[in-house]
Amino acid sequence: MHTPSRRTLLQAPLAAAGAGLLAACTDSGSRARPGAAAAATVQGDFVPPGPKGYVEPSGPEVRAAERRRGTGPVRMLRFTAAENTLDLGGRHVRTWAYHEQLPGPLVRVTAGDVLSLTLANRLPETTTLHSHGVRMRCDMDGVPDLTQNPIEPGADFTYRFTVTHPGTFLLHSHVGMQPDRGLYAPFIVDDPREPLAYDKEWVVVLDDWLDGVQGSTPDKVLRQLTPEHMTMEGMGPGPEPARTAGADTSRSRAAGGPSRLLHHARSRLLHGDAGSVDYPLYLANGRTADHPSVFRCRPGERIRLRIINAGSETAFRVALDGHPMTVTHTDGYPVRHTETDALLLGMAERYDVLVTAKDGVFPFVALAEGKRGQALAVLRTDKGRAVPPAGVRPDLLDGKLVPARRLRPDDSVALPERDPDREMRIKITGTMARYDWGFDHRSYSVRQRHPVRAGERVRLSLINATDMWHPMHLHGHTFAVAGLDGMGARKDTAIVLPHRKLVVEFDADNPGLWMLHCHNQYHSESGMMTILGYRT
C-alpha cells in the first residue's frame with residue numbers, strides 16, 4: 001500500500017487560496033461579476049439554445065445526480081488566468097497561463113472531496129475551465145454557451161462539484177484556441193484506498209508549443225490552415241493536393257506570422273498523416289529539450305509516472321531509457337498490468353505506469369510522432385553524470401508498443417456485458433484541402449443534439465471517413481472500447497485511425513448536455529464537435 005507522505009512530485013503544490021478545508025457545499029457554481037464585492041450563487045440561470053425536451057445543464061435531474069454523489073471535505077482553490085512572460089528553459093515567450101507558470105499548478109484532491117475552484121479571468125477575452133475526463137455535474141463542465149456563459153474579462157466563476165473517481169486528469173480552457181496557449185494544468189484525484197505500491201511519483205505533462213515564438217499564435221496558425229485565407233488566385237478549395245516538404249507561403253502570408261504548416265508528416269503508427277502544424281518547440285513539464293526538468297530518486301525505488309498529453313495537435317510516442325514500463329491505468333481507470341517498452345498518447349490521453357529506477361541518468365523522451373522534434377525530461381539517481389543531449393533517442397522507443405485497444409480493464413472497473421439499448425453511428429468527415437472538419441458533413445452548432453435517455457447502454461460507432469487520425473473525447477462519461485473479445489479498457493479519449501471504425505459503449509448515467517469532439521484543437525475549432533443530450 002502506497003503511503004502518501006512519501007510521495008515526491010515534480011510539480012507545484014495545490015493552488016490553494018488560503019481557506020483549506022470547509023465542511024459544506026452548495027448546489028451549483030457561482031460567478032463574481034466585475035465590480036461585485038462577492039460571488040453570488042447561480043442556480044439554474046443558464047439555458048443554452050436548442051430544441052426542447054432535453055435536460056438542462058442545471059436542471060433537476062443534474063442536481064439529483066449530484067446529491068447522489070454525496071459530499072465530503074471541500075477543497076477551496078483559486079486559479080488566475082492572465083497574460084504572462086514564461087521561461088521555457090532559457091526561451092522566454094509571451095503567452096496566457098495560470099498563475100504565471102507552465103504547466104499550471106497541480107490540483108490534487110481525494111476521491112469523495114468537493115472541489116471548489118474559482119477561476120479569475122484576467123485575460124483580454126472570455127474563458128472557461130474544463131476538467132477533462134472527470135465525471136461531474138453538467139453545469140460545471142466548462143463548455144461556453146452550452147453548459148455556462150463564458151467568463152467575461154475581469155470576472156470570476158467558481159466551479160464546484162463532487163469528485164467521485166480517482167485518477168489522472170487534466171484541466172484546460174474550453175474556449176477557442178486557448179488550450180494551445182498555456183491554459184492547462186494537471187489534475188490528480190487520489191484513491192483513499194490506493195492499491196498500488198510505489199515509493200515516489202513523477203507527473204510528466206507533455207505539450208506542443210508555438211505561442212509567442214516569432215510572432216506566432218494559435219489563432220494565426222488556424223487561419224493559415226483555413227482555405228479562405230489563401231491569397232493566390234485560383235487556389236480555392238478543391239481536390240486534396242499532394243503533400244510535399246516546405247512551407248505553404250500563400251496561406252501563411254494571408255494569415256500573418258511565419259508559416260507553421262507541416263507537410264509530408266507521416267506515421268506508420270497513425271496510419272498516414274501525423275498532423276498539419278509544424279511546432280517549433282516540444283515541452284515536458286514546461287521545459288524544452290535543451291533545458292529539461294530533472295526528477296531525482298534513489299536506485300531501486302518504484303516510481304509511478306503519470307503521463308499527460310496536453311498538446312493540441314501532436315501525438316507523442318514515449319519511453320524511458322533502460323526502463324520497460326508496466327501500464328496500470330489509462331485515462332484514470334485501472335487496467336490489468338501490462339508490460340510495454342513505449343506508449344503512444346493522442347492529445348488529452350493519460351497513462352499511469354510503474355518503473356523500478358536503475359542507477360544513473362536516464363532520458364524520458366516524448367517523440368512528436370511523425371513530426372520533427374521531441375520533448376525530454378530526465379530521471380536521475382546520481383549527481384555526477386551529464387544530462388543527455390536534446391536529440392537522444394532511446395532504443396525502447398522502437399520496441400514493444402501496446403496500443404490502448406489491447407489493454408484490458410481491471411475487474412473493479414470493467415463495464416458489464418449488456419445488450420445496447422441504443423446504437424449511434426457518427427461519421428467523422430472533412431478534408432485537409434477544405435479544412436471543413438465535422439461530423440456527418442455538418443459543422444458544430446450549439447443547437448445540435450444526439451438523444452439518449454438515462455439508464456440506457458449506448459453503443460457508439462465512430463466511423464472515420466477522413467485521411468487523418470482523430471483523438472475523440474466524450475465529456476461527462478467514460479466508455480469501454482469494444483472488441484471481438486468483449487469490453488476493453490475504460491477511457492474518455494481514444495484515437496480513431498483514418499478510414500477505420502472505433503466502437504465504444506457507455507452507460508448513460510450522468511444527465512445533461514455533453515460534448516463529443518475531436519481533441520485536435522484545430523479540428524474541433526473548425527467544426528468537429530457535436531452534443532449528446534439526455535431526453536427529459
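Before anything else, a definition: a residue is buried under 20% relative accessible area, exposed over 50% and partly exposed in between, with a 1.4 Å probe and protein chains only. His441, at 68% relative accessibility, therefore counts as exposed.

What you see above is a predicted model, in which local features need pLDDT of at least 70, side-chain atom pairs count only at pLDDT 80 or more, and totals for chains, interfaces and linings use all residues. Residues are numbered from 1 along each chain as its sequence is written, and side-chain values use heavy atoms, leaving out hydrogens and water.

Now the overall picture. The chain has 536 residues, and 62% of them count as buried. Four helices and 35 strands make up its secondary structure list; these are DSSP runs, H or I over at least four residues for helices and E over at least two for strands, numbered from the N terminus. Contact here means heavy atoms within 4.5 Å. Among contacts between residues at least 6 apart in sequence, 77% join residues at least 24 apart.

Next, the interior. A nonpolar core is a set of buried Ala, Val, Leu, Ile, Met, Phe, Trp, Tyr and Cys residues joined through side-chain atoms within 4.5 Å. The largest one has 73 residues, and those touching the most other members are Trp202, Leu206, Val318, Phe364, Leu462 and Tyr522. Strand β23, residues 361-368, gives the most to this core, namely four residues. A second, separate core has 28 residues, including Val109, Ile151, Ala155 and Val163. Back to Val318: leaving aside residues up to four places away in sequence, its contacts include Leu206, Ile307, Met325 and Phe364.

Is Arg380 buried or exposed? Arg380 counts as buried, because its relative accessibility is 7%. Arg380 sits in strand β24, residues 374-380. A polar atom of its side chain lies 2.9 Å from the backbone oxygen of Asp382. Among the residues that Arg380 touches, beyond four places in sequence, are Val294, Cys297, Gly360 and Val387.

Cys297 is buried, at a relative accessible area of 5%, and Cys138 is buried at 0%. How many disulfides does the structure hold? Zero, where a disulfide is a pair of cysteine sulfur atoms within 2.5 Å.

On to the largest pocket. On a 1 Å grid over the protein atoms alone, a pocket is an open set of points where a 1.4 Å probe fits, with protein on both sides within 12 Å along at least five of seven lines, and lining residues have an atom within 4 Å of a point. The lining of the largest pocket has 29 residues, with Pro403, Arg405, Ile495, Leu497 and Leu502 nearest its centre. Strands β30 (479-483), β31 (486-491), β32 (493-496) and β33 (501-507) each supply at least two lining residues.

Last, the backbone. Most residues other than glycine have a negative phi, and most peptide bonds are trans. Leu102 and Pro103 are joined by a cis peptide bond, with omega about -10°. Pro103 is in the loop between β5 (92-98) and β6 (107-110), and Glu100 is in the loop between β5 and β6 as well. Glu100 has a positive phi, near 55°, and is exposed at 61% relative accessible area. His441 also has a positive phi, near 65°, and lies in the loop between β26 (438-439) and β27 (450-452).

Conventions
Polar contact = N/O pair within 3.5 Å; in protein donor to acceptor, adjacent residues only side chain to side chain.
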